[in-house]
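Hi there,

Here is the structure I promised to pass on. Have a look at it first, and then read my notes below.

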Amino acid sequence: MNEHDATELAYKRGYEDGKQDAMKWIPVTERLPTKEDGNGKGHILAFCKKEGFVNKWKWDTVVKYRKIFSHWMHMPQEPKGD
């Protein structure tokens with residue numbers, strides 16, 4: 001394997017690892033979301049314990065009402081194409 005191939009392989013592994021980390025549920029007891037965690041509009045996905053569903057919320061709503069949420073994660077990228 002030449003140096004270019006090794007660099008490309010390392011990049012691909014890092015990219016895939018980063019994608020998986022971005023899609024992990026984060027317990028609100030571990031860390032609350034910040035404005036920077038939002039998708040540029042301040043939105044994240046959060047799991048509402050009482051209702052038992054996932055929905056898109058503003059990050060500050062989750063912080064303010066953290067007792068009703070158990071986990072949150074970054075928003076996935078929007079699909080491309082039609």
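Helices (H or I, at least four residues) and strands (E, at least two) are DSSP runs, numbered from the N terminus. What you're looking at is a predicted model, where local features need pLDDT of at least 70, side-chain atom pairs count only at pLDDT 80 or more, and totals for chains, interfaces and linings use all residues. Residues are numbered from 1 along each chain as its sequence is written, and side-chain values use heavy atoms, with hydrogens and water left out.

Let's start with Arg 66, which sits in the loop between helix H2 (59-64) and E4. Leaving out residues up to four places away in sequence, Arg 66 touches Val 28 and Leu 32 (contact means heavy atoms within 4.5 Å). Val 28 is 38 residues from Arg 66 along the chain, yet their C-alpha atoms are separated by 6.9 Å.

Now the overall layout. The protein has 2 helices and 4 strands, in the order α-β-β-β-α-β along the sequence. Of its 82 residues, 20% count as buried. Take the contacts between residues at least 6 apart in sequence: 52% of them join residues at least 24 apart.

Next, a hairpin. Strands E2 (residues 43-48) and E3 (residues 53-58) run antiparallel and are joined by 6 bridges (two strands pair if DSSP finds at least two bridges between them). Leu 45 stands opposite Lys 56 in E3. There are 4 residues between the two strands, and Gly 52 takes a positive phi near 70 degrees in this hairpin.

Which residues make up the largest nonpolar core? There are 8: Ile 26, Val 28, Ile 44, Ala 46, Cys 48, Val 62, Phe 69 and Trp 72. (A nonpolar core is a set of buried Ala, Val, Leu, Ile, Met, Phe, Trp, Tyr and Cys residues joined through side-chain atoms within 4.5 Å.) E2 and strand E4 (69-74) each give two or more residues to this core, and the largest share, 3 residues, comes from E2. In soluble globular proteins, nonpolar side chains tend to be buried together. Leaving aside neighbours within four places in sequence, Trp 72 is in contact with residues including Ile 26, Val 28, Ile 44 and Ala 46.

Cheers

Technical notes:
Buried < 20%, exposed > 50% of the residue type's maximum accessible area, 1.4 Å probe, protein only.
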